[in-house]
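Here are a few notes to read alongside the model. Take them in any order you like.

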Amino acid sequence: AYVELKELMKDQNQQAYWQETGRWVGYEENYDPEVGGWGPSHISYLTFKSLIHLHRIMSTGVVLLDREDRTLGNIAEILADELVSKKEIRPSDREGLLKALLQTRRQSEPKETQSLAPNLEMKTFSVTERRDASNTVEASMVLVGALDFLEKPTAAFMRLKEATVLESALEAPVPVRFVFVLVGPNSSGMDYHETGRAMAALMADRVFNLAAFHAQNSQELMDAVAEFMDCSIVIPPTEIQSESMLSSIISFQKKILQERLRPSNPRLSFDFKSRRASKVDGSPPEDPLARTGRPFGGMIKDFKRRYQHYVSDITDALNAQVLAAIIFIYFAALSPAITFGGLLADKTDNMMGVSELLLSTAVLGVIFCLTAAQPILVIGFSGPLLVFEEAFFGFCKSQGIEYIVGRVWVGVWLVFIVVVMVAFEGSFLVRFISRFTQEIFSILISLIFIYETFAKLIKVFKKHPLVLNYEHLNVSAEDPFHAVIKHEHMYDNSSGNVTTLTELQERAYPNTALLSMCLMFGLLVFMAITIKIRRLIGDFGVPIAIFIMVVVDINIQDTYTQKLVVPKGLTVSNPDARGWFINPMGIKKAFPVWMMFACVIPALLVFILIFLESQITTLIVSKPERKMVKGSGFHLDLLILVSMGGLAAMFGLPWLSAATVRSVTHANALTVMSKGPKPEIEKVLEQRVSGAVVALLVGLSILMEPILKMIPITALFGIFLYMGITSLSGIQLWDRILLLFIPKKYHPQEPYATRVKTSRMHTFTLIQTGCLALLWMVKSSPISLALPFVLILTIPLRMFMTGCLFTEMEMKCLDAEDAKVTFEEEPGQDMYNESQMPL
């Protein structure tokens, strides 16, 4: 990259002109107007203050990308208009700025040969010779100068869509790709010369130049500036007595450059010919959510984008890291399957349980991994689906309808809904789901987990209360826990009839409630104290905790605890009530015709749940930071996932969705990190084998029935209590709820607490809390099936709040898409901070 620095100067007649004062092609050469010649080539050295000023001024200035202007006059007019539009300069200053930018340009004298320094040898290097030797070089033009009629310093950066030779702009007819302008008053305290040198040095840096070439927006450009600053070395203001004292800097800089210029990074190839071709012929990364306007157009694009890599999806699995990920994710998928299976059996009177969930996870998981556009996703059962199943079971039971048959018709409508949704490319709607809705939903699920855990524990205490004397233990030595049959006679005086009610009352078991509570809280405590070594044991923590609770339960032989109900082999959880195939017309009685059509409503609600979880999970897993190259498929994956769930209902199997935590864990386990002091993501082993093998192993776990039957059900409650409590951590809404009870001086240094008035922040929190309370009331009411629909209503509510109740800046702080909020810097403030790599 060739760079020229031009400064605005005045001659003896106070006539302004642009003077070339520096030029770069790797090394730097400076022109001294007083001497009238060029100095020797040397490595650029910059002041830290100039970099800080540059970072600040660029963050508030104008950034224009891929402009098609071809003359210097047009460029100057566009820059002046944009600065006025952004209120960086006054409208009255436009003509003065335009006149200054179009002043005459004086070329510097030819280079004079000068010695570098005594006792120093350096390979002969000439910027002009190196520039002229290449016919593919592109130029950057940096213009800096003082204009006293301006109120404050301001900057503008422009990238031309096509590198263009600008007449009389440079000393040589080199096509210009980038133009940078920095102007402001002398009284601002900014050193325009040094700040201009800093920008020229950035443009001469091949990594930054390439980043500026590929930047899609101003934030990516600022990230490149921050990365350049990260790799710069600052020498403290101490006296350097000899040149040998600087020798240690060389090795230190080499380490930094090795990390920055990794050969494995294909983006660091700096070939201008290929760069031009990619700009003209290629296109920016394809947006998988972009609509084509054709029926099933998005799904077809997903198919073409991903299936071209099908062979590599198999061969890329031939890696030891994939084998480690399989073992790791197996336990991460098995534990929730067993836990949710046990709770599902409890919620549905064993109409579905562990065996059905394990089989569904295996069959649907293998099919999904072999056919999906994003096989990194791990599908499984989740808390929201458990809430829906409980609500739908309660509804069917109250109406005298066969629940398991109703699910078949819900599945039929699910397939119909997803086909219509994919045909019209409806996945783009995920763009409207903001953090406002996501966090309300997340806390709702966490609270459900916590509430259900204690509700089950209270139920155990009611069934097996703690009493001082269990008298029935001394009645019969053979079966002290036999059920008691009670007969109650009711006389009807009018008719003389006698009605006898028979009640089977189970005996209370001694110490059962106490041991159940100890197992539940014991597992919770174990999971809590192993947080510090969680990176060591990973997802093995859950099976280890369950194993310990099983050992404790076995060793306390004289106390009964309820165990996990697992059928032997491929047997349904309730063989007396159902088989493996569900007759859609009814099992024991005819299914109502009106209900066949009415099932479209619960189908729509369960579709909303699967859509929310799966699409948001795909967004998280496919973030650009992960550097995945094979693409994802929102439309195709949604069609496969929902269609499989709909068909699975005919066999009495639970429908599944993409599990966020398990999917992110899977992606992290397949991520290859670079070596060095600051590891970064190099790539992700994108393949289909690990997910398919994990699903298969989960299915084979059904053969572990003798072992699974030993697990106390209350130990699984402990897992859910742990999941509910820990999932609250990191949710901004929960943090802001706690701030309602904390004095302002103890509030964190986060944008939502520092850039928004406390009263406004609390108002936003209370609105979200009100929505949460409304969802809880709906969940606990007879209309609990409407929970997903009420949740969707928070999306238009959030849109209404923006502009009507809260400003754009307040919403940016309170409802940012990511945890870290980025702002344009304000004049006089240095907001440069090193951001951690997102996980």
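1. At what angle do the axes of helix H29 (residues 758-779) and helix H31 (residues 794-804) cross, and within what distance do they come? They cross at roughly 160° and come within 12 Å, with axes being lines fitted to C-alpha atoms, for helices over the stretch in contact, and angles running from 0 to 180 degrees between N-to-C directions. That makes H29 roughly antiparallel to H31 (the term is for angles over 145 degrees). H29 passes H31 in a right-handed crossing, that is, the near helix is turned clockwise from the far one by less than a right angle.

2. A word on where this comes from: it's a predicted model, where local features need pLDDT of at least 70 and side-chain atom pairs count only at pLDDT 80 or more, while totals for chains, interfaces and linings use all residues. Residues are numbered from 1 along each chain as its sequence is written, and side-chain values use heavy atoms, leaving out hydrogens and water.

3. Back to that pair: Phe764, Ile767 and Cys771 of H29 make the contact with Thr794, Leu797 and Met801 of H31 (contact means heavy atoms within 4.5 Å). Five of the contact residues are nonpolar, one is polar and none is charged. Here Ala, Val, Leu, Ile, Met, Phe, Trp, Tyr, Cys and Pro count as nonpolar, Asp, Glu, Lys and Arg as charged, and the others, Gly among them, as polar.

4. Now try helix H13 (residues 354-371) and helix H24 (residues 689-700), which pack at an angle of about 165° with their axes 7 Å apart. That makes H13 roughly antiparallel to H24. The crossing of H13 past H24 is left-handed, the near helix being turned anticlockwise from the far one by less than a right angle. Among the residues that meet are Gly365 and Val366 in H13 and Ala695 and Leu696 in H24. This contact divides into nine nonpolar residues, four polar and no charged.

5. Helix H3 (residues 94-101) has two sides worth a look. Arg94, Leu97, Leu98, Ala100 and Leu101 are buried (under 20% relative accessible area; exposed is over 50%, partly exposed in between, with a 1.4 Å probe and protein chains only). They cover an arc of only 160° around the axis, which puts them on the same side of H3. On the other side, Glu95 and Lys99 are exposed.

6. Last stop: Ala146, in strand E7 (residues 139-146). Ala146 is partly exposed, at 26% relative accessible area. Not counting residues up to four places away in sequence, Ala146 touches Leu8, Gly184, Asn186 and Tyr192. Ala146 and Ala100 are 46 residues apart in sequence and 10.0 Å apart in space, C-alpha to C-alpha.

Technical notes
Helices (H or I, at least four residues) and strands (E, at least two) are DSSP runs, numbered from the N terminus. The arc is that of the directions from the helix axis to the C-beta atoms. Angles under 35 degrees count as roughly parallel, over 145 as roughly antiparallel, 65 to 115 as roughly perpendicular and the rest as oblique.
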